[in-house]
Amino acid sequence: MRKIKFAQLVRYTIVGTFASFCDFMLLWLLLSTTPLHYLLAAGIAFCAATLLHYTINRKFNYKTTKRIFSVGAGYFFTVNVAGLILTLVLIAFFVEIINIPPLLARVIALPFVGLVSYILNTKITFQGHVFK
């Protein structure tokens, strides 16, 4: 059985946790100070956090990537659009069907979406290997 590159996954998780904290805080700010619908606010926060996540990962976790910044960012955003759609579907499900508050729904969706994003971004965006 192949093993996941643990150190890389840990670094990705640390960067992702920081980006998710920023996502969460921006979502809270938008929900607290604007009349935006919770799904639009979640989408805006997700996009801002995704750009931050790519920038930090490129600098500290995937230093050997050969893609120029704008091309890599395009791949990262493309991969994360799937994550955004999955995130919004999960948030809507938790809010509308299970009656969980939007911020808690976002937190619940995060680990699953994060793992999917790690695997796809490592393979596609940074052209790396997930397994040893």
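View 1. With a relative accessible area of 8%, Asn 61 is buried (under 20% relative accessible area, with a 1.4 Å probe and protein chains only). This is a predicted model, where local features need pLDDT of at least 70, side-chain atom pairs count only at pLDDT 80 or more, and totals for chains, interfaces and linings use all residues. Residues are numbered from 1 along each chain as its sequence is written, and side-chain values use heavy atoms, leaving out hydrogens and water. You will find Asn 61 in the loop between α2 (38-60) and α3 (69-97); helices are DSSP runs of H or I, at least four residues, numbered from the N terminus. Beyond neighbours within four places in sequence, Asn 61 is in contact with Gln 8, Arg 11, Tyr 12 and Ile 56 (heavy atoms within 4.5 Å).

**View 2. The largest pocket.** Have a look at the lining: it has 23 residues, and Gly 16, Ser 20, His 53, Leu 110 and Gly 114 lie nearest the pocket centre. Here a pocket is an open set of points on a 1 Å grid over the protein atoms alone, with protein on both sides within 12 Å along at least five of seven lines; lining residues have an atom within 4 Å of a point. At least two lining residues come from each of α1 (6-33), α2, α3 and α4 (102-125).

**View 3. The chain as a whole.** The C-alpha trace spans about 45 × 35 × 20 Å along its principal axes. Of the 132 residues, 38% are buried.

Terms used: Buried means under 20% relative accessible area, exposed over 50%, partly exposed in between (1.4 Å probe, protein chains only). On a 1 Å grid over the protein atoms alone, a cavity is a set of points where a 1.4 Å probe fits but cannot get out, and a pocket is an open set with protein on both sides within 12 Å along at least five of seven lines; lining residues have an atom within 4 Å of a point.
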